[in-house]
Amino acid sequence: MERRQRNPLYEATLRELARMDTSVWEAALQTITQADAAALEVHRVGVWLFSKDRSEIVCENLYDAREDRHEKGTRLRAEDYPRYFEALSEKRLLAADDARTDPDTSEFTESYLKPLGITAMLDVPVWHRGEVAGILCHEHTGQQQRQWTIDEQEFAASVAEAVALALEAARRQYEVRESEERFKSAFERSSIGMAIVGLDDRYLQVNRAFCALFGYSSEEMLTFTTASVSHPDDLRGLRKTNDSQRRVMSGEIESFQVEKRYRHKQGHYFWGLVGVSLVRDAEGNPLHFISQVQDITERKQAEEALRRAHDELEARVAERTAALIQANAALQAEIDERERAEEARWRSEQQFRLVVENASDVITILDAETGVIRYQSPAAERIFGYPSQEMVGSNAFSYFHPDDIAHTAAVLAQVVQNPGLTGSAEFRFRHKDGSYTDCESVGRTLLPDSTAAGVVVNTRDISERKRAAAALRESEARSSAVIQHALDCVITINHEGRVVEFNPAAEATFGYTRAEALGQDLNDLIVPPAFHEAHNRGIAHYLRTGEGPVLNKRIEVPALRKDGAQITVELAATAIPLSDSPLFTAYLRDITDRKQAEEALRQAKEEAEAANQAKSEFLSRMSHELRTPMNSILGFAQLLARRALAPEQSRSVDHILKAGRHLLGLINEVLDIARIEANQAQFSLEPVRVGSVVQEAINLIQPLAAQRGCRIDGGTALESDQYVLADRQRLTQVLLNLLSNAVKYNRAGGSVSLFSEIDTSNAATRANLRIGVRDTGQGIAPEKMARLFIPFERLGAEQSDVEGTGLGLALSRRLVEAMGGALTAESVAGEGSVFTVALALVESPLERLERSGGGPGAAGTPGEVAVAAPENYATLLYIEDNLANLSLIETILSERAGVTLLSALQGRLGLDLALEHQPDLILLDLHLPDMPGDEVLKRLQSHPSTRDIPVIVISADATPGSITRLLKAGAQGYLTKPLDVEQFLKTIDEILEKEPAGGSLTT
């Protein structure tokens, strides 16, 4: 498809605006409006933004080129110009060639257009954060009217994107300032002492409360480091603080606290509780610390006073003890004996307490008569959630499940009636959270012959054991059910090779009943005689080494049925290493029919591939052969059409031209399909901006839509700044075909709308972008949907007056699939259809450059250039039709002093520029709109003036065959997209400094 030539002035203007400084809103607007007015040669350009309630629009900047002045502040209210605001609400571009009669702008005639001499207007919506934030207004003055061309409208839409970028920058600056003001206000007004501390330990900012703590002014505090105002003893013990600071810096923790002493301005020290957190920038790099200090001197003094009082009390107790020992010396012998007895009892109690308190079981002492809890060990809180003291005094049975009280009470009664007897019971105990825990208890009287001391009960949680037992039962039942109902044969043998399991599937496959098979040697049942020895050797080898040659593998082997027939089975065997002797389980599947089917399928596939290849070669050859006579038919018919013919002859010639062009389109589509099926079609897959491709397709289909009275709305697809991995020309061809069908098969006065949305439904793959075309036509009946993408299938449209070949949708689907995407359709009869193209979502080349480090030199540390730039001045020519790729190379080379970059969007223009400027190096894309890149390389190599200029191919085609072919054709280097910035710079620097003799560079 031939592509429309872009205006070089527009492209140059857009590149300048792309590099514009947007940090100052008003300056940016002045730059945009002046550049816009100069490029479009229009007298007045203004940027108008909606108010918050969208009841009016306000002029942010209006540039008058005739007087070279800027003005702002004019307001237009919706209630005064309802028709104009209604048009703006539809979020579409307004191109009024005669503004005074156009329905959307005629309201301004008396109050605005005539006084200012305005005859034509072009208003473009400015999109910001998902909505129309305003308009970019172009006003043409003078006696003559002006017709706004598609190029002018597209350029104006691109300038509106620049306004949106400047608006986004202004909004972000406002939000940052607002955030900083909020932080500053909270910081200054805080009643807690707060300081911002640099990574070098210096105070960068302090609030009033912080200054009040230290007695210094804020200016004085900013001369200190935290160490200079800390107590020397605290500085010597900073190991824990330094460790916490390291953990904060590494991101392991967010903040930490420490107690330390600070020096006041008056010389005394005070205790502070310090909370420290780290602030990072947007990239996660540490900026500074935020420190909060609270005076805890009084608390520390109180703690010190308490410590001194404790020491005094200890001293008094020691004095009193000494006095008592001296006064009772006469009773020492009796006391010693008593103490020994007490010590023995104490030790016994301590040992009992240690056993009870550290036991994993819950130990409980119950009143024998009432069941009231007298003692509960600490394990109760871990198992049941109740603190032990909370349970003391309550009845144990109040925690039991109602259904379990009767039998546990009976066990307790039996223990009480028989002191010394041990009783056990299982029951459910209510947890503090309301759930029930399965428990097992063992109890007996505390004294062997009496119930006076109560009953001691040991209780343990058996929930896990219960679950394990239930799981084991379920697993055994499930395993048995699986074996019995398995579609595959399951046969288990012991270490002697005898059958111990033979499931129903094995019975059906081999013809033996389970009773016949059990206990038999497997060799005597299903193993062919030729494999008996290998089978026995495998078992013996496993018994010696624990390894088997066929274990845990899937193999195909022959087997015998009861009737003697030999079949082929797929075998997977595993060993079960039991303690006494191992078992071997084999899973077998009869694949005899499958093997026969696979062989038949293989033969059918080879025949089908041969037929398909022959068909593709035939279609390709015939399509080429048919184009030669069609060239003569159409050529002579066009010559006849240029002559003065009789009306009847003129109509005949028109019929010839119409039919010939229809036949030529059919031949081209058949040739495209044949090339795709034969894998001969060439695709250049690279990041493509969706909005620009949609705009190009809409511009091409507008004349047909206008002829049929059909309205086209670009919707979210036209506004999309996202990129997909595609061949730009092929994607334009697909969208144009879908739009053409949507217009041709629409109802009178119908509409076509486009949309785009991100599809992340499949988490296993990367996200796709779905581009949809929706029409309001008659729709497609459900029974016809299956034939929609069949070549030459028109679903009955051949009976209508709508022209077509029935190849467009089939070709479009093949093109999309060749680009790694999918084309789908949905339709409701009587309402319309939706065709959706899904392609892989990728980042733009500039975003990738920023993510990888932001530009040249970013591969190493910040500010370090990985490859030294050449000292000599050089001129580079880049032949590339993708503006995003062109902008990427311009950005990469912006820091290369002395490098001049020329650009050409077509191959022929690139050849002309190479002859005229004789550049030092040529960068060449292979996928160009007017000729293939390898043809450009061939012509450069054949011309005496350009054959010595080194050429680097930059292409999305990374296949080894293409790389080898282009290097043999004369390219000095071959770089694949997406570019590795460091390798790109290194390659061009090496070639510019000294061209390698007979060598080439690839990556």
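The paragraphs below go through selected features of this predicted model, from cysteines and rings to backbone and helices.

Residues are numbered from 1 along each chain as its sequence is written, and side-chain values use heavy atoms, with hydrogens and water left out. Because the model is predicted, local features need pLDDT of at least 70 and side-chain atom pairs count only at pLDDT 80 or more, while totals for chains, interfaces and linings use all residues.

The cysteines come first. A disulfide is a pair of cysteine sulfur atoms within 2.5 Å, and a search of the whole structure finds zero of them. Cys211 has a relative accessible area of 11% and is buried; Cys439, at 0%, is buried too. The word buried stands for under 20% relative accessible area, exposed for over 50%, and partly exposed for what lies in between, with a 1.4 Å probe and protein chains only.

Next come the aromatic rings. A pair of rings is described by the distance of the centres and the angle of the planes. Rings of Phe, Tyr and Trp (its six-membered ring) pair if their centres lie within 6.5 Å; planes under 30 degrees apart count as stacked, over 60 as edge-to-face, and the rest as tilted. By this rule there are 19 aromatic pairs. One of them joins Phe50 and Phe85, with 6.2 Å between centres and 70 degrees between planes, which makes the pair edge-to-face. This pair links distant parts of the chain, since Phe50 is in strand β1 (residues 44–50) and Phe85 is in helix α3 (residues 82–89), 35 residues apart. Helices (H or I, at least four residues) and strands (E, at least two) are DSSP runs, numbered from the N terminus. Phe50 is buried at 15% relative accessible area, and Phe85 is buried at 9%. Phe397 and Phe400 also form an edge-to-face pair, at 5.3 Å centre to centre and 70 degrees between the planes. Phe397 and Phe400 are both buried. They belong to a cluster linked by ring pairs, which includes Phe384, Tyr386 and Tyr399.

A charge can also sit over a ring, meaning that NZ of Lys or CZ of Arg is within 6 Å of the ring centre and within 35 degrees of the ring normal. Arg54 lies over the face of Phe50, 4.1 Å from the ring centre. Lys300 lies over the face of Trp271 at 4.3 Å.

The backbone is the next topic. Most residues other than glycine have a negative phi. Asp201 is not a glycine, yet has a positive phi of about 80 degrees. Asp201 is in the loop between β8 (193–198) and β9 (203–206), and is partly exposed at 27% relative accessibility. Gln918 has a positive phi near 50 degrees. Gln918 lies in the loop between α28 (907–917) and β32 (921–924) and is partly exposed at 38%.

Finally, helix packing. Helix α22 (residues 690–707) and helix α24 (residues 728–744) pack at an angle of about 35 degrees, with their axes 9 Å apart. Axes are lines fitted to C-alpha atoms, for helices over the stretch in contact, and angles run from 0 to 180 degrees between N-to-C directions. Contact means heavy atoms within 4.5 Å. Among the residues making the contact are Leu700 and Leu704 of α22 and Leu735 and Leu739 of α24.
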